[in-house]
Amino acid sequence: MGISTISVLMAICNANYCFTFVDVGAYGKFFEKLENETLSIPQPKPLPGDNENGPLPYVILADEAFGVSKTILRPYARSNLNYKKKNFNYRLSRARRYIESSFGILSNKWRIFHRPMNTSVVLSTKIVKACCVLHNFVRVRDGYKYAHILSIQGFETSNDTIDTQNRSGNTIRDMFVNYFLTDEGKV
């Protein structure tokens with residue numbers, strides 16, 4: 001048995017640092033489910049206090065490695081950003097901290113992630129998935145504890161008639177940008 005490497009670990013989490021989707025070990029499963037609409041993403045809803053745009057889709061927040069689509073939002077490129085785009089990138093960065101913290105909490109709780117796994121790829125994949133399930137179980141059982149995120153190393157009225165299917169990813173991202181500048185969307 002040699003040291004194995006898992007080529008891909010992609011996950012989605014909620015605001016309680018629980019994983020809602022985990023894709024381990026192979027490219028494409030996540031995007032296949034996203035394209036086939038089998039990820040159980042809720043239907044579009046209007047943002048609180050936003051009467052101009054109508055319902056906006058639920059989106060997955062990603063980093064620069066991803067492309068913009070109707071369901072994936074990524075930051076704007078960092079050159080020559082105006083205030084609105086800088087504000088959007090900041091808000092996106094703050095929201096993405098949840099997944100980064102979730103991985104940090106996972107690795108701090110399950111020390112197996114502090115060193116290379118000396119197992120087969122198949123067994124490593126099962127270990128990662130099992131740890132994610134156990135992570136969620138412990139999070140639900142113990143609840144939110146602020147100390148969990150402090151110890152992480154490295155991380156110091158709806159208008160249903162509007163057709164959101166025909167909006168491009170950039171248009172949807174721009175709508176979120178504008179919403180974040182309103183009184184209702186400000187932090």
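R141 is exposed at 55% relative accessibility (buried means under 20% relative accessible area, exposed over 50%, partly exposed in between, with a 1.4 Å probe and protein chains only). The side chain of R141 meets that of D142 in a salt bridge, 2.8 Å from N to O, and D142 is partly exposed, with a relative accessible area of 27%. This is a predicted model, in which local features need pLDDT of at least 70 and side-chain atom pairs count only at pLDDT 80 or more, while totals for chains, interfaces and linings use all residues. Residues are numbered from 1 along each chain as its sequence is written, and side-chain values use heavy atoms, with hydrogens and water left out.

**Salt bridges**

- The count comes to three salt bridges (a side-chain nitrogen of Lys or Arg within 4 Å of a carboxyl oxygen of Asp or Glu).
- R78 and E64 form a salt bridge at 3.4 Å, N to O. R78 lies in the loop between β4 (72–73) and α2 (83–109) and E64 in the loop between β3 (60–61) and β4, so the pair ties together parts 14 residues apart in sequence. Helices (H or I, at least four residues) and strands (E, at least two) are DSSP runs, numbered from the N terminus.
- R78 is exposed at 71%, whereas E64 is partly exposed at 37% relative accessibility.
- R96 and E100 form a salt bridge, with their closest N and O atoms 3.7 Å apart. The two are four residues apart in helix α2, about one helical turn.
- R96 is buried, with a relative accessible area of 17%, and E100 is partly exposed at 29%.

**Aromatic pairs and charges over rings**

- There are nine aromatic pairs (rings of Phe, Tyr and Trp, the last by its six-membered ring, with centres within 6.5 Å; planes under 30 degrees apart count as stacked, over 60 as edge-to-face and the rest as tilted).
- F88 and F180 are stacked, at 6.1 Å centre to centre and 25 degrees between the planes. F88 is buried at 1% relative accessibility, and F180 is buried at 16%.
- F176 and F180 form a tilted pair, at 6.3 Å and 40 degrees. Both lie in helix α5 (residues 169–180), four residues apart.
- Ring pairs link Y76, F88, F176, Y179 and F180 into a cluster.
- The charged end of R91 sits over the ring of F180, 4.2 Å from its centre (NZ of Lys or CZ of Arg within 6 Å of the ring centre and within 35 degrees of the ring normal).
- R173 lies over the face of Y76, 3.8 Å from the ring centre.

**Helix α3**

- The buried residues of α3 include C131, C132 and H135.
- G143 follows α3 and has a positive phi, near 75 degrees.
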